[in-house]
Amino acid sequence: MLLHDIGHYPFSHALEEIGALHHEEVARPLISSGAIGDILRRDLGKDAPDRLVELIRGKSSSPLQGLISGSLDLDKIEYLKRDALMCGVPYGEIDAERLLNSLTVVSGAIGIARKA
């Protein structure tokens, strides 16, 4: 998740809506080259930067895909909670701990337990 956010710039979500470069694309060279790319290749394998970029962009077949880039991903949960707090509005209250405890693997993908 931390590497997903490496491409964020001020007001990126709002600016993306009017055509600015998406933070996922800003993250690509930061993950693929330099010290971060070298560490990923050394510790996780030659193709690790490419696999991570696919995960961040929503193009991976990994069961973790939905947690990183999906309709209920961790990025959305985090920024909804943070924005609600910073704006002083009650919307966006999400019990992230309960949600995370309710996650399960279903047919090779991450799902939410029925009772959650």
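A nonpolar surface patch is formed by F11, L15 and I18, whose accessible area together is about 370 Å². Patches consist of residues with over 30% relative accessible area and no salt bridge, nonpolar side chains (Val, Leu, Ile, Met, Phe, Trp, Tyr) being joined within 5 Å and like charges within 9 Å; a salt bridge is a side-chain nitrogen of Lys or Arg within 4 Å of a carboxyl oxygen of Asp or Glu. Areas were computed by the Shrake-Rupley method with a 1.4 Å probe, and for residues only the protein chains shown count as cover.

The model is predicted: local features need pLDDT of at least 70 and side-chain atom pairs pLDDT 80 or more, whereas totals for chains, interfaces and linings use all residues. Residues are numbered from 1 along each chain as its sequence is written, and side-chain values use heavy atoms, with hydrogens and water left out.

L15 belongs to helix α1 (residues 12-16); helices (H or I, at least four residues) and strands (E, at least two) are DSSP runs numbered from the N terminus. L15 is classed as partly exposed because its relative accessibility is 31% (buried, under 20%; exposed, over 50%; partly exposed, in between).

In helix α2 (residues 23-32), the buried residues are H23, E24, A27 and I31. These lie on the same side of α2, because they cover an arc of only 85° around the axis, taken from the directions from the helix axis to the C-beta atoms. They pack against α1, α3 (34-44), α4 (48-57) and α6 (74-87), contact meaning heavy atoms within 4.5 Å. Just after α2, G34 has a positive phi of about 70°.

Definitions and conventions:
Buried means under 20% relative accessible area, exposed over 50%, partly exposed in between (1.4 Å probe, protein chains only).
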